[in-house]
Amino acid sequence: MKRRTDNRPLEARKASPLLVSLSAVVLGIIAGALLILLIGKNPITGFDRIIFGALSNTRRVGNTLGMATQLILIGLSVAFAFKTGLFNIGASGQMLMGGITGSILAYYLPMTMPRPLYLLVVIMASGLVGAFWGMISGFLKAKFNVHEVVSTIMLNWTAYWLVYDWIQRFIVDPTIVVKSKPIENAHTLRADWLTDLTGFSTLNYGFFIAIIACIVIWFILQKTTLGFRLKAVGSNRFCAEYAGIRVNRSIIISMTIAGALAGLAGLTYYCGYSNIMEMGKMPNEGFDGIAVALLGNCSPVGVFFSAVFFGILKMGRGSLAATGIPTEIADTIIATIIYFTATSVILANFWNRRFHNAFEKTEEAIGLALESEGRSDVDLTTLSSQERKNLRKAGLPLLKARTRAGKEGR
Amino acid sequence: MEFFSVISSIVPAAIAYTMPLLMGALGGLYSERSGVTNLCIEGLMLTGCFASATTIYLLQSAGMGYNAAIVVGILAAIAAGGLLSMLHAFAAINLKSNQVISGTAINMLATALTLFLAQTITGSGNVTVLRGIIRSDIPLLSKIPVIGPLFFCRTYWTTWICLVVWGVSFFLLYRTSFGLRLRACGEHPSAVASAGVNVHRMRYIGVLMSGLLSGLGGACILVTYAGEYNSTSGINGLGFLAIAALIFGQWKPLGILASTFFFGICMTIANMGRVIPLFQSIPTGYLGLFPYVATLVALVVSSRRSAAPLASGEPF
């Protein structure tokens, strides 16, 4: 008995988020290359140096992953809030608050404390303080309708000045008065076996925190009713409200979790990747996290890979100095990528149109091929994919000939 | 009389801090009233600040007259702001993309691009101009008791330009048919479209105005109190303060004049707190966070009964 299967796709395929993200990356890199050309340097050497600086040996790979750690956590933070329709651009402030909590604890907790217990305490504390900082924005949004973009920016600067004061007050390094005292190695997130493995890189336990966070966030979003509610509020808050979901509570919960993730990022950044805090420095990573989340289409897996990509850009740019290209080219590329992800409609349209044209062409070619074989009454749905492929191959020259004839006839 | 001397030292400085905020907020007003959410005021102001810094730096070192260089620099800032805002307009109006994301992208683009250019032009992250605007007294008016020393002594001439721009904008938005149409585009664009007005063009004008004015605001920061484009601190979130002032001022010209002046005073206290005896005991950190916390409180008070344009942020 012959198995009847319908291999004919009903319509042209649509551009996937992955394709759109990759197109944005390509466009961002092209924009960066143009800028490098504009100042009279060679873009190929530039990108070659970036790859070299980020991946050429185990230590560099370790550093890249160390940098990616906070980008993953912040990307998750932004992505999680975004699923609820909130735009968390206050990750920098939440990061600072988480970082200062970790730093102060590292300074004041006794060195005799067992390490697992110590790690648990700092992780919990930084997460909680970050969560509190995020919750303020959520609360203001839910209760007073304060736009979260403006409130998170104000909280960023509030955190900036609070940290400015607290470094001076609690953990200042007496010899360099604008920095905090370096944290003892035993009180950072660094682990000897990781540093040995990667030739003294900055890779630390934070990387595992980030991976666990990815899994947990994926689980919350995909497998729990909480995640479902948050996503429902994000896609249509009025519809969600009508369905009986408490929108205001969802907003507060979402910002709280986002804040916790950013707070953890602060811990991994200031007590793992680095071991000091500087006064009067707003961490740029908070804003890069937005790019990570958008490029990763706000999914935990996407966030992981886009964070590693941005990690490569950010670590690799250090090697640009020798070529005379300003290292800020990496930030410019990142910003361009976000602009293109923001305008992803145009990219999606571009691909959809291409797919559509290709699909039409295939259908037409198959039709022509069948006609030339004298099988024009064949039901298209019975063709196997191999047959379709062969027919397409046979039909394409016919199609070309027909269009040429059409042109000459006119 | 000690109280008066404190006031007369705060107010002129507060006016200097107010003007960039006023221009940013007024730019936001144009854009939001035409129906485009504009969160990239910060980036536009930063671009203005950078463009004027570079132009003035290059011209002044080339031997051009100080004041002439400043005028050219301000014009360059306005042009740069307008140019960058077109990127937002294109994304928001033609591509119907998420305006919040597009705004954020432009903020980041402005930060990275200005730093990149500063590195290529001067070799460092900072561009310092040789001389900003010299403060001067207004001839007759500064002799008036009480008001004279507060408002007409040691003023920057950009202040008066900004106030004129504000007055003209008020007239344009509320007393002309153009203003009516622009405001209607932000409330009910389909009604305006059915009356035969090109909504896209009106929104383009709105966003362009926000770019031009924010550029002017950024230039004001540079030529009055800052004197340099500094890559590490940028403009310290002033653009976002301007947006907050816009919300606090309930999207009305008089409202934003009052709210930006309020924020101007807060900024003055934060920046000059050390020299005012009243605030000397407060640590720098807490003085620094004062304007931002004040903004949050102001937003809590004013956001509940939001008078935001109905169609702001919605593509047409």
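Which residues does Tyr118(A) touch, not counting residues up to four places away in sequence?

## Tyr118 and its surroundings

Tyr118(A) touches Leu109(A), Met113(A) and His187(A), when residues up to four places away in sequence are not counted; two residues are in contact if their C-beta atoms, placed from the backbone, lie within 7 Å. This is a predicted model, in which local features need pLDDT of at least 70, side-chain atom pairs count only at pLDDT 80 or more, and totals for chains, interfaces and linings use all residues. Residues are numbered from 1 along each chain as its sequence is written, while chains are lettered from A and ligands numbered from 1 in the order in which they are written.

Tyr118(A) belongs to helix 5 of chain A. Tyr118(A) is partly exposed because 18 other C-beta atoms lie within 10 Å; a residue counts as buried with 20 or more such atoms within 10 Å, as exposed with 12 or fewer, and as partly exposed in between. From Tyr118(A) to Thr188(A) the separation is 70 residues in sequence and 9.8 Å in space, C-alpha to C-alpha.

## Chain A as a whole

Chain A has 16 helices and 0 strands, which are DSSP runs (helices H or I, at least four residues; strands E, at least two) numbered from the N terminus. Of the 410 residues in chain A, 49% are buried. The C-alpha atoms of chain A fill a box of roughly 90 × 60 × 45 Å along the principal axes.

The domain assignment gives chain A domain 1 (41-328) and domain 2 (348-409), with bounds from an automatic or database assignment. The C-alpha centres of domain 1 and domain 2 of chain A are 51 Å apart.

## Helix 4 and helix 11

In chain A, the axes of helix 4 (residues 91-108) and helix 11 (residues 247-273) come within 6 Å and cross at roughly 55 degrees. Helix 4 and helix 11 of chain A are therefore oblique to each other, as angles under 35 degrees count as roughly parallel, over 145 as roughly antiparallel, 65 to 115 as roughly perpendicular and the rest as oblique. Among the residues that make this contact are Gly98(A) and Gly102(A) of helix 4 of chain A and Gly263(A) and Leu267(A) of helix 11 of chain A.

## The contact with chain B

The contact between the chains takes 35 residues from chain A and 38 residues from chain B. Helix 6 of chain A gives the most to the side of chain A that touches chain B, namely 11 residues.

Methods: Axes fitted to C-alpha atoms, helices over the stretch in contact; angles between N-to-C directions.
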